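I am opening a notebook on a structure that is new to me. I will look up a few things and write down what I find.

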Amino acid sequence: MSTPGSSARALSRRIVERELAGRAGPAGIAAGIEGVFRQLYQIMATVIGPLGFQAVLTRAVHLTRRDYPGLGACEIACGDTFVMRGISEMIEREGADQGGVLIRTEGPSTP
């Protein structure tokens with residue numbers, strides 16, 4: 001699996017930093033993470049449709065679970081809107097660093 005180029009990583013980091021700025025606690029961090037994905041959904045759903053976006057994101061979360069099993073509690077649903085469930089609970093249980101893996105900019109480790 002290829003990793004994003006440096007310009008894509010820099011852009012994604014800026015978006016993440018903007019969405020997480022000033023947020024605290026599991027609920028705030030989860031809301032920031034959902035904001036990042038909501039923006040991505042608005043763009044990608046016009047190209048690959050809501051179910052295509054859900055498939056891509058579900059696969060990405062599945063691959064990331066290899067390194068971060070705590071993601072097993074997160075659910076993704078796409079339709080007219082984008083919803084991620086279980087993020088706040090995961091962050092509460094495992095810490096903010098675990099929530100950050102949802103928005104990491106490198107590819108998952110290979111088995």
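Entry 1: burial. I start with a definition: I call a residue buried when its relative accessible area is under 20%, and exposed when that area is over 50%. The model I am reading is a predicted one. I looked up the chain as a whole, and 33% of its 111 residues are buried.

Entry 2: layout. I counted the elements and found 4 helices and 2 strands. I then read along the sequence and noted the pattern α-α-β-β-α-α. I also checked contacts with a separation of 6 or more; residues 24 or more positions apart account for 54% of them.

Entry 3: helix 1 and helix 2. I turned to helix 1, residues 6–20, and helix 2, residues 25–65. Their axes lie 8 Å apart, and the packing angle is about 135°. That makes the two helices oblique to each other. I noted the crossing as right-handed.

Which residues meet here? From helix 1 I listed I15, V16, R18, E19 and L20. From helix 2 I listed I29, G32, I33, G35, V36 and Q39. I sorted the residues of this contact into 6 nonpolar, 3 polar and 2 charged.

Entry 4: E19. I picked E19 out of helix 1. Is E19 buried or exposed? Its relative accessible area is 14%, and buried means under 20%, so E19 is buried. I set aside its neighbours within four places in sequence and found E19 in contact with G32, G35, V36 and Q39.

Entry 5: the core. I wrote down a general point first: in soluble globular proteins, nonpolar side chains tend to be buried together. Then I looked up the largest nonpolar core, which has 18 residues. L57, I76, F82, I87 and I91 touch the most other members. Helix 2, strand 1 (75–78), strand 2 (82–85) and helix 3 (87–94) each give two or more residues to this core. Helix 2 gives the largest share, 9 residues.

Entry 6: F82. I followed F82 next, in strand 2. F82 has a relative accessible area of 4%, so I marked F82 as buried. What does F82 touch, not counting residues up to four places away in sequence? I listed E34, F37, R38, Y41, F53, L57, I76 and A77. I also looked up F82 and P50, which are 32 residues apart along the chain. Their C-alpha atoms are separated by 8.3 Å.

How values were computed: Residues are numbered from 1 along each chain as its sequence is written. This is a predicted model: local features need pLDDT of at least 70, side-chain atom pairs count only at pLDDT 80 or more; totals for chains, interfaces and linings use all residues. Side-chain values use heavy atoms; hydrogens and water are left out. Axes are lines fitted to C-alpha atoms, for helices over the stretch in contact, and angles run from 0 to 180 degrees between N-to-C directions. Angles under 35 degrees count as roughly parallel, over 145 as roughly antiparallel, 65 to 115 as roughly perpendicular and the rest as oblique. A crossing is left-handed if the near helix is turned anticlockwise from the far one by less than a right angle, and right-handed if clockwise. Contact means heavy atoms within 4.5 Å. Ala, Val, Leu, Ile, Met, Phe, Trp, Tyr, Cys and Pro count as nonpolar, Asp, Glu, Lys and Arg as charged, and the others, Gly among them, as polar. A nonpolar core is a set of buried Ala, Val, Leu, Ile, Met, Phe, Trp, Tyr and Cys residues joined through side-chain atoms within 4.5 Å. Buried means under 20% relative accessible area, exposed over 50%, partly exposed in between (1.4 Å probe, protein chains only).
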